[in-house]
Amino acid sequence: MMRPSIRWMLGIALVALLQGCATVANPDPRDPLESINRTVFGFNDAVDRAVLKPVATAYVNTVPALGRTGIKNFFANLDDVWSAVNNALQLRGQAFGDSVGRVMVNTTLGLGGLVDVASDLNIEKHPANFNITLGRWGVGAGPYVVLPLLGPYTLREVGALPIDNRGNLVNQLGDEATRTGLTVVDLVDTRAGFLGAEDVVSGAALDRYSFTRDAYLQRQRYQVYDGNPPDEEPSEP
């Protein structure tokens, strides 16, 4: 939800231009553009190693843990607002009520969301966005795609991006400098959260691309099926 809309349009254009060029002999049925996706994955990885990872590492080394926790809680509180909207669209009454309750408690007692009081009160978090809403209403995930700079997506998720971007409260701020600054902070904080996972991925997988793809698609299914997906992968357009 934090990714700029201009970039997703550029990514879609690139995929549209190249979708007939896949050369992998036997691509995974979920990943018909595997050859292109691997190329984009390599590009994104190079950018990450050159720019994002060093910045995220510096962030972790300079910002105290308490400050990073406050930043993470602040953006999580904003996410709960959009989660409440989507849980309502999914007709999930308990999840909607919990999401609204979390926003109210954390915004007031939690100093604008810097402190996650709601979790201490055992108010459950129910992350949701428009991509998940579409999935729960029966829209298939579609093929796996890797977009330049943005990373892994399903086609359904790409289609939901414009609405999810509008639902991000940071994007509703009128002051461009503030909006850009908060977006950058959120991006860096999110990337910092994955620093510890890199060794696990590198140690567990001979093929980082396949490992990342399979983990991503599995996570998508778990979100759509609320942690209880069917045993067999359903056929999807």
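Which residue in β2 is the bridge partner of V146? I found P152 in that place.

I noted first that this is a predicted model, in which local features need pLDDT of at least 70, side-chain atom pairs count only at pLDDT 80 or more, and totals for chains, interfaces and linings use all residues. Residues are numbered from 1 along each chain as its sequence is written, and side-chain values use heavy atoms, without hydrogens and water.

I looked up β1 (residues 144-147) and β2 (residues 151-154), which run antiparallel and are joined by 4 bridges. Strands (E, at least two residues) and helices (H or I, at least four) are DSSP runs, numbered from the N terminus; two strands pair if DSSP finds at least two bridges between them. Between β1 and β2 lie 3 residues, and L149 in the turn has a positive phi of about 70°.

**Burial.** I checked both faces of β1: Y144 and V146 on one side, V145 and L147 on the other, are all buried (under 20% relative accessible area; exposed is over 50%, partly exposed in between; 1.4 Å probe, protein chains only).

**Salt bridges.** I counted 17 in the whole structure, each a side-chain nitrogen of Lys or Arg within 4 Å of a carboxyl oxygen of Asp or Glu. D214 pairs with R30, with the closest N and O atoms 2.9 Å apart. D214 lies in helix α10 and R30 in the loop between α1 (5-18) and α2, so this pair ties together parts 184 residues apart in sequence. D214 is partly exposed at 34% relative accessibility, and R30 is partly exposed at 29%.
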